[in-house]
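Q: I have just opened this one and would like a careful walk through it. Could you take me around, one topic at a time?

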Amino acid sequence: MEGHQRNLYLYDRFNARVAGVSRDDAETLHHWTKELGLTFPVFSNPVGHLGIWFDALEVGSPMFSRNTVVIDKWGTIRYMQRGSPDYREILRLLKQLHAEEVGP
Amino acid sequence: MNCLLRWLPLLLAGLLVAACAPAIAPQPDPWQTMRQSGGSVLWLGEYRFVPPPPPWQELDLNENDLSLALYRSCDMAEPGKFPCESTMAYAEEPFGYSREFEPRAHEFLKRYLWASRVRFSTPELTPIVIDGRQALLVQVAGEEPVKHHRLQARIVFMHRGERVVAFFINQWRADGLPFSTADFAEFDRFVASFRFVKPSFYENL
């Protein structure tokens with residue numbers, strides 16, 4: 001999460017927005033986003049359907065697995081990666097998507 | 001002649017002992033493959049710096065981001081004897097996110113050595129210039145609350161392009177043991193020698 005906060009200015013340049021999703025309740029997320037100084041939205045989804053949609057809810061696990069998803073402006077999922085975010089890979093992709101968006 | 005005969009066995013024994021004594025072989029240079037002229041090393045094609053001499057040794061961080069860490073214990077006969085050790089590092093992505101030094105320093109200290117539960121004193125922040133570039137020096141002391149191990153740390157924040165990078169050293173000592181001014185001096189030399197060889201990933205993005 002802190003890595004995304006560090007890269008927000010670059011996401012802005014590529015016309016990208018970031019949001020987090022967690023199964024924690026809103027009160028817990030409010031505490032942690034404040035503690036970490038996050039300024040982007042982090043959604044609370046205790047029911048877990050977003051985890052099912054994005055393949056981040058393993059059977060029997062009470063929490064989402066770490067998963068990074070990039071969706072383009074047309075709503076197509078262009079990137080999905082388990083584990084810790086590879087920020088450089090994400091930034092390269094966002095640059096490419098922005099180039100597609102603005103055209104030649 | 002008699003005198004020579006009397007001393008000959010002793011002389012021979014001396015020669016034998018000298019022959020048996022192991023020759024002091026020069027230690028292999030751990031930076032040999034990266035060594036450049038003038039004693040500096042070129043690290044991953046990104047940075048050039050003069051590493052501190054042994055017993056400082058590189059730590060394998062097993063991390064994806066560009067970071068470099070060096071370590072020494074106080075007594076190299078017992079490597080890793082805690083809590084008497086020093087670690088210095090360069091971090092391309094130090095804790096925190098601000099691109100200004102002072103807020104970044106406060107963000108950094110929130111997570112720095114977090115797992116050790118260190119109680120930090122009020123940090124001392126001093127703007128400095130290194131090789132003509134603006135930087136912020138942070139000096140802070142701390143104490144681990146259970147065994148009362150003490151800590152002194154020095155952190156230098158600089159810019160690489162738009163982003164903040166950091167150098168830091170921390171020294172751990174048991175209560176009553178003095179901190180090493182020599183280790184801090186090695187750190188200062190390491191920082192002063194550090195150069196970015198090429199624009200960063202973010203500058204090229």
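A: What follows goes through the chains, a core, a disulfide and the contact between the chains. Please keep in mind that this is a predicted model.

Q: Okay, chain B to begin with: how many helices and strands does its secondary structure come to?
A: The secondary structure of chain B comes to 4 helices and 11 strands. Chain B has 205 residues, and buried residues make up 41% of them. If you look at contacts in chain B with a separation of 6 or more, 49% of them are between residues 24 or more positions apart.

Q: And the largest nonpolar core, which residues touch the most other members there?
A: That core holds 26 residues, and those touching the most other members are Phe49(B), Val156(B), Phe167(B) and Phe190(B). Several elements of chain B supply at least two residues each to this core, among them strand E2 (47-49), strand E9 (150-160), strand E10 (163-173) and helix H3 (181-193). H3(B) gives the most, with 4 residues. As a general point, nonpolar side chains tend to be buried together in soluble globular proteins.

Q: What does Phe49(B) touch, leaving out residues up to four places away in sequence?
A: With those left out, Phe49(B) touches Trp31(B), Ser40(B), Val41(B), Trp43(B), Leu68(B), Phe190(B), Ser193(B) and Phe194(B).

Q: New topic, disulfides: how many over all chains?
A: The count comes to 1 disulfide over all chains. Cys74(B) and Cys84(B) form it, with their sulfur atoms 1.9 Å apart. Both cysteines lie in the loop between E4 and E5 of chain B, 10 residues apart. The link of Cys74(B) and Cys84(B) is left-handed, with -90° about the S-S bond.

Q: Why does Cys84(B) count as buried?
A: Cys84(B) counts as buried because its relative accessibility is 15%, whereas Cys74(B), with a relative accessible area of 32%, is partly exposed.

Q: Now the two chains together: how many residues does the contact take from each?
A: The contact takes 17 residues from chain B and 15 residues from chain A. Between them the two chains bury about 1500 Å², with 49% of it on carbon and sulfur atoms. Of the area that chain B buries against chain A, 42% is supplied by Tyr97(B), Phe201(B) and Leu205(B), more than any other three residues.

Q: How many salt bridges are there across that interface?
A: There are 3 salt bridges across the interface of chain B and chain A. Arg6(A) forms a salt bridge with Glu93(B), where the closest N and O atoms are 3.3 Å apart. The count of residue pairs in polar contact between the chains is 11. Helix H2 (101-111) and helix H4 (201-204) of chain B each supply at least two residues of the side that touches chain A.

Q: Last one, in chain A: where is Leu8(A) found?
A: Leu8(A) is found in helix H1 of chain A, residues 2-13. Not counting residues up to four places away in sequence, Leu8(A) touches Val18(A), Thr39(A) and Phe40(A). The C-alpha atoms of Leu8(A) and Thr76(A) are separated by 22 Å, and these residues are 68 residues apart along the chain.

Key:
Residues numbered from 1 in each chain as written. Chains lettered and ligands numbered in written order. Predicted model: local features only at pLDDT ≥ 70, side-chain atom pairs only at ≥ 80, totals over all residues. Heavy atoms only, no water. Core = buried A, V, L, I, M, F, W, Y, C linked by side-chain atoms within 4.5 Å. Buried < 20%, exposed > 50% of the residue type's maximum accessible area, 1.4 Å probe, protein only. Contact = heavy atoms within 4.5 Å. Disulfide = S-S within 2.5 Å. Buried area = accessible area lost by both parts, 1.4 Å probe. Salt bridge = Lys/Arg side-chain N within 4 Å of Asp/Glu carboxyl O. Polar contact = N/O pair within 3.5 Å; in protein donor to acceptor, adjacent residues only side chain to side chain.
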